[in-house]
Amino acid sequence: MKNPESKNMENPSCDIEFIEKQLKLVVDPQSPSSFLKIDSEYLPTSTDPIVLTIPKLNDPESFLCNFEGFNLVEPEKVCRPSGDTTIFTTAGVQRIESMLKTAKSVDRESFIVCQPVIRSQFMDKVCDGTSTSFVNMSAEIIRSSPDEFINTCKKLIELVVKQGISIDDLRFTTESSSVKWGSKRFNNVALTLYFNGIELGECVYILDYPIGDEKISITDLGLGVERLLWGLDNSKPYMLGFEDFYEQIEDSDHATSIIDCVKSMVLIAGEDILPSNSNQGYRLRQFSKRFVKRNRLADFNINRLIGIAYQEWKKWGYNPVLTEDEVVEVISAENERNFNCLFLNILLQDEHVDLYIDVNQRTDSFLDQVKFSLSQDVITKIVNKIK
Amino acid sequence: MKKGHVIFSGGGDIKDTFQLDEKFFSMLKSNSRILYIPIALNRDRIGFEACYDWFSNVVSSHAGDKDIDFSMILEDDEIPDLVKYEALYIGGGNTFKLLDYMVRKDLSQKIIKYIEQGGIVYGGSAGAIVMGKDIRTVDEENDKNYKYINGLNLIRGLSLICHYEASLDERITKSANNLNSPIIALPENAGIILGPNDIEIVGEVFIFDKNGKRYLTPELMINLP
């Protein structure tokens with residue numbers, strides 16, 4: 001029988017003190033909001049330029065080489081089945097929820113996944129650095145030890161340093177909390193990594209995730225790929241692949257807010273969801289409404305936006321059910337419907353005319369019908385206001 | 001004179017509040033926008049995504065053919081111009097946390113003005129209680145020594161308690177005495193709609209005052225001293 005001391009050495013408790021001690025974190029006296037940094041005593045002394053030992057982070061494989069011993073798994077669908085905690089996949093860690101649907105328990109496993117996700121809570125807050133859809137790179141260890149958690153934290157730090165960032169410029173926060181996820185409650189400790197004040201990723205140790213009568217520990221590393229790349233070099237546009245569009249307007253945040261709608265719409269429509277007033281279809285409709293309003297002055301070409309978004313998502317393992325042309329058809333029809341709605345809204349607000357015309361038709365035929373009730377001057381005025 | 005409508009909901013799940021929610025959504029025209037305020041809740045593992053899904057489900061269940069859209073504000077967001085919205089929906093959670101936020105952000109006064117201008121405000125559970133006179137009907141929720149106790153006082157000087165069931169009778173009677181304020185008790189499937197010229201009670205609502213426990217009727221409310 002082992003004595004308590006030796007047991008503790010093998011399986012130390014994982015709390016904030018443990019994390020800060022293991023990673024040599026100390027308070028940064030120059031930081032305004034109690035950020036931590038790695039103690040300078042432990043920083044490398046070499047002044048040699050850092051050699052970029054990993055490829056550019058532009059596909060799932062490029063992350064794998066930083067996570068030796070982890071399996072790379074395909075992402076799940078973005079639209080989750082009825083009854084799940086959220087209606088869209090919001091993080092790679094949700095894969096565990098799926099695993100538990102077919103099994104009462106889960107075995108020890110280490111995997112990474114580059115999961116396209118949707119987080120609608122940011123729908124009206126989108127700007128550079130914040131989006132509703134992105135690739136959530138997650139590294140998960142099910143039934144993980146505190147030491148494995150610390151090693152995973154180190155992998156996160158290495159990942160960023162290998163991209164050419166000085167370890168001395170990284171800042172951290174640690175937090176311990178009790179959280180709720182669907183019907184489950186558990187405790188966790190988290191390390192969050194920042195560069196230039198921008199959050200680049202976090203590594204969470206879940207101490208007691210309940211599975212039936214058992215409680216297991218999970219290491220969950222998560223980062224938003226687009227935010228990481230932008231955070232490392234924010235002279236580049238936030239939405240990669242859409243550089244042309246950023247050149248068309250001065251306000252980069254506004255360009256991001258338009259592109260974001262399209263990226264999210266492509267994820268939803270690509271999985272054969274039609275716009276509607278219910279479930280995932282309602283969210284697709286909400287994104288389309290915001291696109292129509294935000295794109296009024298910018299006038300970005302929707303077909304090109306959809307084409308780029310479709311190919312970008314596929315690069316990360318997204319597996320759409322619809323073809324690109326079919327997605328264009330679904331989104332364009334919904335955008336035109338919402339243009340028609342906006343037309344009637346402005347007509348009511350500005351001209352105090354409450355007109356009933358079916359909005360569920362292409363804008364050309366909608367405007368043809370409008371001509372029976374309104375003068376050309378009024379129609380032109382409203383269309384110009386929308387555009 | 002208030003021009004708007006205030007809806008107080010007992011705070012049940014989507015099935016419980018269906019009848020009251022149906023009346024709320026029937027007041028909204030197509031192309032309306034709702035501002036959803038889930039501030040009373042705490043964030044979960046990934047923020048407020050589950051809240052967004054929940055409210056989206058509420059809208060979906062009642063919108064029918066109407067185009068109803070919504071925005072959600074979180075604690076760190078600036079309070080938008082309320083006039084841009086046809087209705088406000090204040091969700092449940094910790095009543096003291098919610099009132100603290102509303103006072104600090106001056107949202108209480110903005111909501112009162114919004115109702116005076118004809119706006120529609122729906123409060124569910126904590127969202128309903130903050131619109132009463134005194135929120136100490138749920139004193140046990142004051143887990144962080146919050147100092148604000150006076151609600152928006154939008155229902156004739158009465159205080160409220162939600163999720164009511166008969167086992168709470170003794171406690172509510174004591175509260176009514178201690179607070180020196182009649183208390184309206186809303187079961188999860190019940191509510192009150194207060195309009196500029198009318199009061200509608202949905203389901204069985206009770207009032208606790210010096211006369212004991214009684215069914216609340218519009219007539220009783222109008223004739224309260």
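**Helix packing and the A–B contact in the predicted model**

Helices H1(B) and H2(B) sit roughly perpendicular to each other, because their axes cross at roughly 75 degrees and angles of 65 to 115 degrees count as roughly perpendicular. This comes from a predicted model. H1(B) covers residues 18–26 and H2(B) residues 49–63, and their axes come within 9 Å. On the H1(B) side, the contact is made by B:Asp21, B:Glu22 and B:Phe25; H2(B) brings in B:Val58, B:His62 and B:Ala63. Sorted by type, that makes three nonpolar residues, one polar and two charged.

Now for the place where the two chains meet. Here, 21 residues of chain A are in contact with 17 residues of chain B. On the chain A side, the elements giving two or more residues are strand E6 (170–181), helix H9 (279–298) and helix H11 (324–351). H9(A) supplies the largest share, five residues. As for the make-up of this side of chain A, 10 of its residues are polar, six are nonpolar and five are charged.

A:Thr363, A:Phe366 and A:Val370 are the buried residues. Looking down the axis of H12(A), these buried residues fall within an arc of 60 degrees, so they line one face of the helix. Their cover includes H11(A) and helix H13 (376–386) of chain A. The face of H12(A) turned away from the buried side, by contrast, carries A:Asp364 and A:Asp368, which are exposed.

Terms used: Residues are numbered from 1 along each chain as its sequence is written. Chains are lettered from A and ligands numbered from 1 in the order in which they are written. This is a predicted model: local features need pLDDT of at least 70, side-chain atom pairs count only at pLDDT 80 or more; totals for chains, interfaces and linings use all residues. Two residues are in contact if their C-beta atoms, placed from the backbone, lie within 7 Å. Helices (H or I, at least four residues) and strands (E, at least two) are DSSP runs, numbered from the N terminus. Ala, Val, Leu, Ile, Met, Phe, Trp, Tyr, Cys and Pro count as nonpolar, Asp, Glu, Lys and Arg as charged, and the others, Gly among them, as polar. Axes are lines fitted to C-alpha atoms, for helices over the stretch in contact, and angles run from 0 to 180 degrees between N-to-C directions. Angles under 35 degrees count as roughly parallel, over 145 as roughly antiparallel, 65 to 115 as roughly perpendicular and the rest as oblique. A residue is buried if 20 or more other C-beta atoms lie within 10 Å of its own, exposed if 12 or fewer, and partly exposed in between; C-beta atoms are placed from the backbone. The arc is that of the directions from the helix axis to the C-beta atoms.
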